[in-house]
Amino acid sequence: MEFDNPQIYHERQRLQFCLLHALNNLFQRKDEFTRASLDAIAQKLVLDDPNKQNWTPFSVVFKPHHNSLTGNYDINVLIAALEEKGKTVVWHDRRNGASSIHLENHSNGSEDSKLFGIVLNVQVRRYAGLWKSRHWVALRNICGVWYNLDSDLREPMAFQDADEVRAFLDYIIGQDGEVLLVMNEKE
């Protein structure tokens with residue numbers, strides 16, 4: 001399905017800030033998170049880390065939870081950032097496949113739904129396959145339509161229906177990707 005809704009917020013990839021872009025795309029707001037806010041979260045994680053003595057001289061640039069020059073934030077920053085916004089992360093058990101994810105019951109990702117969105121961590125190859133790394137991608141249901149909000153895409157990609165989302169998630173799982181369900185916190 002072609003993208004034809006200009007109201008959908010979509011940040012494009014810059015350096016290795018895919019987690020920043022994925023979070024802003026997930027929340028559908030520019031600057032919901034900033035480089036400074038994610039850096040602060042990463043720094044707090046370092047200060048709370050009981051294993052600080054394991055740092056090396058490379059830790060000046062390659063910090064424990066991110067690269068200070070290019071971004072490349074890790075799962076710990078993702079979880080802490082989402083918890084700050086009242087969300088929880090549930091790591092999907094890949095043995096169950098995507099069929100166990102209840103996409104239809106969570107029609108629009110609103111606060112009334114339990115499922116807010118989905119974050120993927122996928123393998124990517126860049127520079128003619130010479131550089132292999134991981135990439136964060138957000139999926140979100142907006143006005144009853146699921147969208148792939150990957151910052152590497154020129155524009156968001158709408159899925160036809162929940163079955164197409166599940167097929168995509170099964171493909172991601174088959175390619176050694178991780179599926180993280182972002183849940184609205186329930187008290």
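Visitor: Which residues of helix α3 are buried?

Guide: In this predicted model, the buried residues of helix α3, which covers residues 75-84, are I75, V77, L78, A80, A81 and L82; they carry that label because buried means a relative accessible area under 20%. At the start of α3, a side-chain oxygen of D74 comes to within 3.0 Å of the backbone nitrogen of N76, and just after α3 the residue G86 adopts a positive phi of about 80 degrees.

Visitor: What makes helix α1 count as largely enclosed by the rest of the structure?

Guide: Ten of the ten residues of α1, residues 18-27, are buried, and the helix is therefore described as largely enclosed by the rest of the structure. The buried residues of α1 are C18, L19, L20, H21, A22, L23, N24, N25, L26 and F27. Just after α1, Q28 has a positive phi of about 60 degrees; for context, most residues other than glycine have a negative phi.

Visitor: Which residues does UniProt list for "active site"?

Guide: The unreviewed UniProt entry lists C18, H135 and D150 under that heading, an annotation that may be inferred rather than shown by experiment.

Visitor: How do you know that these residues cluster in space?

Guide: Although they are spread over 133 residues of sequence, the largest C-alpha distance among them is 9.1 Å. C18 is found in helix α1, H135 lies in strand β5, and D150 is placed in the loop between β6 (145-148) and β7 (157-158).

Visitor: Why is C18 called buried, and why H135?

Guide: The relative accessibility of C18 is 4% and that of H135 is 1%; since the label buried applies under 20%, C18 counts as buried, and H135 does too. Leaving aside neighbours within four places in sequence, C18 is in contact with Q13, R134, H135, W136 and S151.

Visitor: Why does D150 count as buried?

Guide: D150 has a relative accessibility of 13%, and with the limit for buried set at under 20%, D150 is assigned to the buried residues.

Visitor: What joins the side chains of D150 and H135?

Guide: A polar contact of 2.7 Å joins them, which is to be set against a limit of 3.5 Å between N or O atoms. Not counting residues up to four places away in sequence, D150 touches H10, H135, V137 and A138.

Visitor: How many aromatic pairs are found in the whole structure, and what makes the pair of F27 and F33 edge-to-face?

Guide: The search finds three aromatic pairs. In the one formed by F27 and F33, the ring centres are 5.7 Å apart and the planes stand at 65 degrees; because centres must lie within 6.5 Å and an angle over 60 degrees counts as edge-to-face, the pair receives that description. Both F27 and F33 are buried, and together with F116 they form one aromatic cluster.

Visitor: Why is the pair of F159 and F168 called tilted?

Guide: The ring centres of F159 and F168 are 5.4 Å apart with the planes at 50 degrees, and since stacked requires under 30 degrees and edge-to-face over 60, the pair is tilted. F159 is buried, at a relative accessible area of 3%.

Visitor: Where does the charged end of K87 sit?

Guide: The charged end of K87 sits over the ring of F116, 4.2 Å from its centre, while K85 lies over the face of F33 at 5.3 Å from the ring centre; the distance limit for such an arrangement is 6 Å.

Technical notes:
Residues numbered from 1 in each chain as written. Predicted model: local features only at pLDDT ≥ 70, side-chain atom pairs only at ≥ 80, totals over all residues. Heavy atoms only, no water. Buried < 20%, exposed > 50% of the residue type's maximum accessible area, 1.4 Å probe, protein only. Helix = DSSP H or I, 4+ residues; strand = E, 2+ residues; numbered from the N terminus. Polar contact = N/O pair within 3.5 Å; in protein donor to acceptor, adjacent residues only side chain to side chain. Contact = heavy atoms within 4.5 Å. Phe/Tyr/Trp six-rings, centres within 6.5 Å; stacked < 30°, edge-to-face > 60°. Lys NZ or Arg CZ within 6 Å of the ring centre and 35° of its normal.
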